[in-house]
Amino acid sequence: MSLPSVLLSLTAFLFHISSTFGSESIVPLPVSCVTRGADLMEDGAVVLCPPDCSQFRMSVFGTGIYASISSLCAAAVHSGVLRPSGGPVSVHKLQGRHNYMSSFAHGIQSQDLSRWTSSFSITKPINVPLELTSETSTTPLPAAAQPAKKPLKKLSVKKALTGGNKDCQMDIAIVIDSSNNIGQRRFNLQKNFVAKLAAMLKVGATGPHVGLIQASDSPRTEFLLTNYTQSKELVFAIKELAYLGGDTNTGKAIMHTAETFFTLENGGRRGHPRVMMVLIDGWPSDDLEQAAMLARESGINVFVVSVAKPAPEELPMVRDNDFVKKAVCKDNGFFSYSLPSWFSTTKHVKPLSQRLCLLDGLLCSKTCYNSVNIGFLIDGSSSVSHGNFQLVLDFLAGIARSFDISDVGARVGAVQFTYDQRMEFGLFDHSNKEDAINALKRISYMSGGTATGQAISYTTQKLFRRTGPGRNFLIVVTDGQSYDDVRGPALTAQTQGITIFSVGVAWAPMEDLKSMSSEPKDSHTFFTREFTGLTELIPAVVRGICRDFTENN
């Protein structure tokens, strides 16, 4: 049965219950798991929640008293008023407040929120028919029972955004100026500009995620990357920000953001580029260099938007005239943007949003952990044996676990060889770490001879054919001597931008291993006598990949 049919049948049943139990009984309004407190117009409304809302990741802000952007039914479960099986609850609208507290209760983790404009609380309803539960039958009633004089008001349920701008899958922290320098009037103009920019970015689950920090005496996180997944909610939250005043301690704000904002616990996504846009009205009160250095080392692309540069007579008051150059990811003009004033900023919204979303320009996000393409070339010859082949796969899975594998991050692929070659999976076949590692573990042992040279040529042509230079790495694992030449195919691969690490086990001759390895040979060649010793090589191989990537990028 379709959802509209179910709701229609349920509505008819509610009217039947109402007529049966009399006018004193309250008829609950059916809602969905995503219905929020803000979606209800009346205070004291009784709603009927469906079952299993706790199985979905609904947003809940607060404890006991909840911000109105929270899911009604998830908040009801969190408060203990509603069981996971669903049922009726009473919703009481309250004024907005500061400091909604987070907590874990009844299987739901609520989040904290610094401020929101309206709130609600949940209680058990009074005078609701006992028969009315979330498991009420949706069988159509007789025609005589269906007419009703006063139809139920339909809820305006806003669906959570599932899309967003897929060409801008960035995690973006916006650091705004809330100091005495900017003042209340220009602060409001800054909010309008940031709100327009946020709307242009088009946030969503598969698009950009945006959070915000205010820079003042001490930095204050206003909302995290995952707090708002709809553009309208994000824009509204920005416009509701309160002016703080105080010193322009932008360095503190950058340090705070770099250290805490992009963590997995705070909603950061593995493998997604990290962007920090810092707005400064005038000049900062503190030093930016150390904080910016930490941001760069953390793979964060820092943009600085400077407004109203200091006049010549004000320069003696500026602590560091080169603060923009020292703060940005790279002093190449791309990461710095200047606004003459906070007036007429609309024309700057689109070009700035395009910069924030230009993946190829985000130089600081290209760390070895989220930017490399790693090919595994696996010896499946008869001398390896089934048991040892599994140890090889465990070794390669350990290397893969060290990297942030995603559709916008690192990628891995695998080829197995004997005299023949078999593409196990390509670099673009698996867009997350779990799938890639599971694919590695499922590789079946071939058994046969050893033609490593042909396998290197095959891998160069087939596995790396769609990738660019500077970030391609090939890990060759073999336990014996090749029946063909390895030097020529290895040199060809290296001239095409593929860095080769050779890993030998048991009877693999060192001469073959070094012939395959990139320069310098000693740091790209590894050997262990036993297959059980492979796991000890994982840290050294990962460090080698990151060292080479950093030197070449």
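Predicted model: local features only at pLDDT ≥ 70, side-chain atom pairs only at ≥ 80, totals over all residues.
The protein has 553 residues, and 51% of them count as buried. Its secondary structure consists of 15 helices and 20 strands.

The largest nonpolar core comprises 73 residues. Within this core, the residues with the most contacts are Ile-174, Ile-238, Met-276, Met-277 and Leu-279. Helix α3, spanning residues 183-201, supplies the largest share of the core, with 7 residues. The surroundings of Ile-174 can be listed in detail: when residues up to four places away in sequence are not counted, Ile-174 touches Val-194, Val-210, Gly-211, Leu-212, Ile-213, Met-277 and Leu-279. Two of these partners, Met-277 and Leu-279, are themselves named with Ile-174 among the residues with the most contacts inside the core. Another core, of 43 residues, lies apart from the largest one. Its members include Val-392, Phe-395, Ala-397 and Phe-526.

Helix α10 covers residues 386-401. With 16 residues at 1.5 Å a residue, α10 should span 22 Å, and the 23 Å between its end C-alpha atoms agrees with this expectation. The buried residues of α10 are Phe-389, Val-392, Leu-393, Phe-395, Leu-396, Ala-397, Gly-398, Ile-399 and Ala-400. Of these, Val-392, Phe-395 and Ala-397 are also members of the 43-residue core.

The model contains 4 cavities of 30 Å³ or more. The largest cavity holds about 100 Å³ of space. Its lining is formed by Leu-113, Ser-114, Arg-115, Trp-116, Thr-117, Glu-222, Phe-223, Tyr-228, Ala-237, Glu-240, Leu-241 and Ala-242. Strands β8 (113-123) and β11 (220-223) are the elements that give two or more residues to this lining, and β8 gives the most, with 5 residues. By class, the lining of the largest cavity has 7 nonpolar, 2 polar and 3 charged residues.

The second largest cavity holds about 50 Å³. Pro-284, Asp-286, Asp-287, Leu-288, Glu-289, Arg-319, Asp-320, Phe-323 and Lys-326 line the second largest cavity. Its lining divides into 3 nonpolar and 6 charged residues, with no polar ones.

Two single residues were also examined. Asp-281 lies in strand β12, which covers residues 274-281. Asp-281 counts as buried because its relative accessible area is 3%, under the 20% cut-off. With residues up to four places away in sequence left out, Asp-281 touches Asp-177, Asn-181, Ile-182, Arg-186, Val-307 and Trp-342. Ala-38 lies in the loop between β1 (29-30) and β2 (45-49). Ala-38 has a relative accessible area of 37% and is therefore partly exposed, a class that falls between the cut-offs of 20% and 50%. Ala-38 and Ser-71 are separated by 33 residues in sequence, and their C-alpha atoms are 9.2 Å apart in space.

Technical notes
Residues numbered from 1 in each chain as written. Heavy atoms only, no water. Helix = DSSP H or I, 4+ residues; strand = E, 2+ residues; numbered from the N terminus. Expected span 1.5 Å × (residues − 1). Buried < 20%, exposed > 50% of the residue type's maximum accessible area, 1.4 Å probe, protein only. Core = buried A, V, L, I, M, F, W, Y, C linked by side-chain atoms within 4.5 Å. Contact = heavy atoms within 4.5 Å. 1 Å grid on protein atoms, 1.4 Å probe; cavity = no way out; pocket = protein on both sides within 12 Å on 5 of 7 lines; lining within 4 Å. Points joined across faces, edges and corners; volume = space filled by probe spheres on them. Nonpolar A, V, L, I, M, F, W, Y, C, P; charged D, E, K, R; others polar.
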